[in-house]
Amino acid sequence: MSSANPFTDTGYLHQLYATPRRLTERTSALLDARLHGTPVVEVISDLLHTHLAVPVDTARVLDVGCGRGTTTQALAALDPRFLVAVDASASLISTTRTRLGAEERRNAWMCVADFHHLPLPAKSVDAVVAAFCLYHAAQPTVVLSETARCLRPGGVLIAVTKARDSYHELDRLLASTGLDSHAPNRPSLYETVHSHNIAELAAPILHVRQLRHDQHLFRFTSLDHLARYLITSPKYTLAASVGNDPDRLASELRLRRPEGPVNASSTVTYLVGVRHD
Ligand SMILES: C[S@@+](CC[C@H](N)C(=O)[O-])C[C@H]1O[C@@H](n2cnc3c(N)ncnc32)[C@H](O)[C@@H]1O
């Protein structure tokens, strides 16, 4: 992978999210490692309850960049008046549809679309959630403006991203073992929209009502567990001999460092923006 930021490149993202597999395995390895940090879907639900201008069961909600539907499921559980989930990947939209139960699907619509051009009328929703996706936008402020266009006056955007240096411990580990010497110098997945610029990006478009930073801590219990995560991270360039095989990566790690737990950290940032006019 070159040092240019690939995480906003449409062709690369198309490959990255062509199937749900990588995202599913990465999420599973991370969840198994979580030591500390409030689950993201809990925080999003709490923020909606706090900031929505209407009762949740009457709210019209849009989930942008829904991925495999983890946040969508939590939003559906709030039983809003309707829920629209949008993603550029047809495969992930299909996964989201499958993961919602029949009852949850009753008031939910899933739609393949680019979040730079949201397929909803102006002022049509009470809330937009954009979790872990704005850093894939070629033009983040266009996406933020699109979310603002779709919001009714008084409507809220909840945007979620991470700090640029999230999981830096793993970059250093890969560099020190020689398995990916350039890992610390590559652009972060969160390079373009991160904890420390999201408010600045949103402020000209929406009133920033709240910015919340949560620390999350992880412990990968063994090198097998660590390899399950590392192999699915799009940031790293591992030797061709490792391929996409976590067992081979775990063996390579074992040759270079003692078996045992590995800790990592991330910062998850939530922005609450409100449309005033
Ligand atoms: C990490 S996943 C999102 C996870 C999801 N929001 C959640 O909370 O579980 C990032 C998603 O952004 C989507 N994405 C990337 N570029 C996009 C675009 N231009 N328009 C819409 N979705 C896009 C990808 O297809 C992918 O599903």
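These legends go with several close-up views of a predicted model.

**View 1. Who sits around the ligand.** There are 18 residues around the ligand, and G65, T71, D87, F115 and A131 come nearest (a residue is near if one of its heavy atoms lies within 4 Å of the molecule). Sort this shell by class and you get 10 nonpolar, six polar and two charged residues. Here, Ala, Val, Leu, Ile, Met, Phe, Trp, Tyr, Cys and Pro count as nonpolar, Asp, Glu, Lys and Arg as charged, and the others, Gly among them, as polar.

View 2. Look for N or O atoms paired within 3.5 Å, which is what a polar contact is here. The side chain of D87 puts an N or O atom 2.6 Å from an oxygen atom of the ligand. The side chain of D114 has an N or O atom 3.1 Å from a ligand nitrogen atom. Taken alone, the ligand exposes 610 Å², and the protein buries 91% of that (areas by the Shrake-Rupley method with a 1.4 Å probe).

**View 3. Inside the largest nonpolar core.** A nonpolar core is a set of buried Ala, Val, Leu, Ile, Met, Phe, Trp, Tyr and Cys residues joined through side-chain atoms within 4.5 Å; buried means under 20% relative accessible area, exposed over 50%, and partly exposed in between (1.4 Å probe, protein chains only). This core has 59 residues, and L62 and L157 are among those touching the most other members. Helix 10 (residues 223-230) gives the largest share, five residues (helices are DSSP runs of H or I, at least four residues).

View 4. E146 has its place in helix 7 (residues 140-150) and counts as buried because its relative accessibility is 12%. It touches F115, H116, H117 and L118, leaving out residues up to four places away in sequence (contact means heavy atoms within 4.5 Å). E42, in helix 3 (residues 40-51), counts as partly exposed at 43%.

Conventions:
Residues numbered from 1 in each chain as written. Predicted model: local features only at pLDDT ≥ 70, side-chain atom pairs only at ≥ 80, totals over all residues. Heavy atoms only, no water. Polar contact = N/O pair within 3.5 Å; in protein donor to acceptor, adjacent residues only side chain to side chain. Helix = DSSP H or I, 4+ residues; strand = E, 2+ residues; numbered from the N terminus.
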